[in-house]
Amino acid sequence: MGGYSHVTIEITGFCNAKCKWCKTGRRNRKVIPEKSFLSASHTQRCIEYLRENKIIEENALIDLFNFGEPFLNPELENIVRIISDAGFRIGLSTNASVYKELPRTCLKNVEYVIISMSGFSEDTYERIHGLSFNNAIKNITRFADFFNSNGFENKLIMNFHVYQNNIHEIEKACCFCNNNKIRFSPNIAYLADESLFMEYLNHTMKKALLEECSKEILFGALRATGKIGYCRQWDNLVLDDSLNVLPCCIFGSGENIRGSIFEYSSANEIRTINTEWSYCQKCMDLKQAQIVTTSQSFDYGYRNSMVTYPKVYLGNDQKQFNENDIILCPGIENGKNFSIEVAIRGGINIIRFDPIEGRNVIVENLVAECNGNLCQIVSANGELRDSGIWFDTFDPQIIIQLPDIDVLQQLVLVGKCIWY
């Protein structure tokens with residue numbers, strides 16, 4: 001196997017939120033967190049080391065968060081610039097307690113900024129997050145204005161954690177997102193504390209705590225799917241704010257460290273250490289791994305439809321795609337074979353096929369034909385596995401080369417999309 005296509009680097013080793021069912025939030029309710037940050041200089045050294053040793057792929061997605069709040073890092077702008085200049089894609093997350101603008105020249109490499117929300121009122125949000133709801137809304141609006149005014153709409157994603165006490169606020173939150181050009185993603189909340197979750201799954205949780213969390217979390221709606229004996233976290237390299245290797249993203253800084261990243265010279269060394277750890281099998285047997293790595297999207301009605309409308313972007317010889325020169329395709333259904341036919345004007349020899357926005361997706365058995373001739377799939381920002389392309393991004397893109405002719409072409413795309 002080659003290098004990692006997905007990397008998680010914790011650039012802030014603490015969080016200022018007090019999320020009730022998160023390991024850091026629960027700790028923050030008892031003690032003041034100790035502040036720790038990854039510096040820009042250490043980030044630079046890490047990125048250079050990962051690239052030189054081919055531990056990560058050239059088009060890797062680097063998430064700058066795990067349990068910490070990245071926007072609290074005083075060197076965030078420089079860190080983003082370092083990773084962007086190196087040509088990697090960037091993922092960020094925030095509780096929107098603070099507002100900080102990112103370098104405008106780096107925005108094209110920012111894949112997404114996930115906004116964590118646990119309600120859409122002072123009562124529900126502050127009950128879980130322990131932060132000011134009004135301050136969060138003010139900062140989210142500022143983030144939206146900043147990205148939208150710079151021509152990068154839909155980079156923001158609101159991850160709305162669905163609890164029993166905030167279901168009635170989903171529509172209100174969705175409308176807010178639509179008005180501010182923020183992608184809305186309601187997901188069922190779970191216990192973001194692996195030891196606590198294991199107690200629940202093991203039936204060893206104390207009665208009082210079980211009663212409390214059962215009144216808030218929709219345990220019966222959580223889904224556990226995925227291949228038995230294989231965890232998707234093995235495809236993700238996780239580093240804490242001291243650049244130690246962690247087994248996966250369910251562990252925070254300093255927990256079960258596997259040594260410094262600079263002790264490893266290849267991606268396979270790290271994979272071997274992680275896949276041979278006995279805890280992994282226990283985690284999979286109890287299905288914590290499957291729940292954590294499976295989308296827990298909450299189906300709340302027509303807005304969360306099982307139909308998506310792919311887009312075809314028309315490109316030029318420089319493989320540049322005009323955001324205004326697109327063809328909206330007919331709707332396709334989740335998990336069902338599709339056949340799309342679109343007319344491409346003469347002179348267009350390359351297109352970008354975006355099957356969905358705002359979701360991870362697997363595209364299986366994709367075939368493209370133009371006037372009866374097979375077209376070449378040039379590249380994709382996903383990972384080729386078995387018969388499909390797996391996209392660990394909310395903006396999946398597939399580049400397809402067309403015949404270089406000046407007459408109208410009939411493009412036919414056949415395949416299957418499974419989003420989650």
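**View 1. Lining of the largest cavity in the predicted model.** By class, the residues around the largest cavity comprise 13 nonpolar, three polar and no charged residues, where Ala, Val, Leu, Ile, Met, Phe, Trp, Tyr, Cys and Pro count as nonpolar, Asp, Glu, Lys and Arg as charged, and the others, Gly among them, as polar. This cavity has a volume of about 120 Å³, taken as the space filled by probe spheres set on grid points that are joined across faces, edges and corners. Of its 16 lining residues, Cys231, Gln233, Cys248, Cys280 and Cys283 are the closest to the centre, and helix 10 and helix 11 are the elements that give two or more residues to the lining. On a 1 Å grid over the protein atoms alone, a cavity is a set of points where a 1.4 Å probe fits but cannot get out, whereas a pocket is an open set with protein on both sides within 12 Å along at least five of seven lines; lining residues have an atom within 4 Å of a point. The model is predicted, so that local features need pLDDT of at least 70 and side-chain atom pairs count only at pLDDT 80 or more, while totals for chains, interfaces and linings use all residues. Residues are numbered from 1 along each chain as its sequence is written, and side-chain values use heavy atoms, with hydrogens and water left out.

**View 2. The second largest pocket.** About 1100 Å³ of space lies in this pocket, and among its 32 lining residues Lys155, Glu323, Arg352, Asp395 and Gln397 lie nearest the centre. Strand 4 (110-117), strand 10 (311-315), strand 11 (321-328), strand 14 (350-354) and strand 17 (376-380) each give two or more residues to the lining; helices (H or I, at least four residues) and strands (E, at least two) are DSSP runs, numbered from the N terminus. The lining divides into nine nonpolar, ten polar and 13 charged residues.

View 3. The strands follow the order 6-5-4-3-2-1-7-8 with mixed pairing, two strands being paired if DSSP finds at least two bridges between them. Strand 6 (183-188) and strand 8 (245-246) are the edge strands, each pairing on one side only. Strand 3 (residues 89-94) and strand 4 pair in the parallel sense over five bridges, and Ser93 stands opposite Ile114 in strand 4.

View 4. Within helix 7 (residues 194-202), Glu194, Leu196, Phe197, Met198 and Leu201 are buried, that is, under 20% relative accessible area with a 1.4 Å probe and protein chains only. Just after this helix, His203 takes a positive phi of about 65 degrees.

Technical notes. Buried < 20%, exposed > 50% of the residue type's maximum accessible area, 1.4 Å probe, protein only.
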